[in-house]
Every structure is written in structure tokens, then in C-alpha cells.
Amino acid sequence: MTIKKFMYLTVAIIMLILAGFAPKAMAQETPEIRFDGWGIRAGLSSDPDQVYGGVHFNLGQLTKDVRFRPSVEFGFGDDQIGVQMLAEVHYVFSKFQAWKPYLGGGLGLTYANYDDGHHGDSSDTEGSLNAIGGIETDLKHGMKLFFEFKLGLAHQDPDIKFGIGLSWK
């Protein structure tokens, strides 16, 4: 099986799993998909070695403690510019009081424009798959501070990302 076929199969399986959350989310009254705020994020990545920044949108909960937070990030450095768009789903461990850990994943697209050294610029767009872990805390006036780690699982994704961000309503 080629890498490309494996990637398509992985994306299809994840989409089916996520689609399984929809009936359960619709059956519950409290969790709902809605605009619940937005935020900014920045950090560093490895392979490619870049500085990145971006935005995310808090779009409510799929089920209790499972939130939907799509993001767009722009990376610069290592002779390339990258754009990563992810539909992120996080399980938030809500039993914790001050600092709440979360785990999840993201599925989307990664675009890279890079200088190949011999023939000028080249670009590539591929599927993106990330494993995500982080910790967040509430600040004043509806703001949240978070620290996040992402592990890139697809070919074009940065291998690892460390970031910090703020969310507000």
C-alpha cells in the first residue's frame, strides 16, 4: 500500500469515526455546535523548523467534554511557507479544577510553498493528520490560556509543534 493510499484510508476512517459522534450530539440537549468564541495561537515547529501563528474558533461541543475547535496556522522559516487548516476535536478532562488537560486530533489540509534550491519555488497540498495534547486554564473576563503540543502524522505536516494561545468569548 502506498503512502498516498494509506493517507486516504486513514482520513476516511477518521471521518467515519467523527460522523459517529453526530447522532449522539444531536440527542443531547446541552452540548451543541455553535460559535463560542475564538482565539490566537503561536509557537515553534520542527521539520520544518518554523515559527507559526494562527487563529482558532471555538465551535461548541459534539458531546459532553468533546469540543470542536477548527484552526488555521501559518508557518515561516526553513525555506518554506506553510499553511495548515485543521478541524480539531479535543476531549477535555473537565474534572480538573484549575488546569484542564485535553487530548485529541485534527484532520485537514497542509499547503507548503518551498524553495527547492535549483528550480525556484515549488508548492504542494496534502492531507493533514495531527495528534494533539494540551493544558488550559481560565483567566479573567472569559479568556483562556493554553499550552499545546501537536504531533504531525502526515507527510507534509511539521513533525512536532509547541504552541501557546489565548481564547475568548
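The lining of the largest cavity receives at least two residues from each of β2, β5 (71-77), β6 (80-92) and β7 (99-115), strands being DSSP runs of E of at least two residues, numbered from the N terminus. The structure is a predicted model, in which local features need pLDDT of at least 70 and side-chain atom pairs count only at pLDDT 80 or more, whereas totals for chains, interfaces and linings use all residues. Residues are numbered from 1 along each chain as its sequence is written, and side-chain values use heavy atoms, with hydrogens and water left out.

A cavity is a set of points, on a 1 Å grid over the protein atoms alone, where a 1.4 Å probe fits but cannot get out; a pocket is an open set with protein on both sides within 12 Å along at least five of seven lines, and lining residues have an atom within 4 Å of a point. The largest cavity has a volume of about 130 Å³, a volume being the space filled by probe spheres set on grid points joined across faces, edges and corners. Among its 17 lining residues, Gln50, Gly82, Val83, Thr110 and Pro158 are the closest to the centre. β6 contributes the most to this lining, with 4 residues.

The largest pocket has a volume of about 480 Å³. Its lining comprises 21 residues, with Asp36, Gln61, Arg67, Glu136 and Lys144 nearest the centre. At least two lining residues of the largest pocket come from each of β4 (66-68), β8 (121-138) and β10 (160-168).
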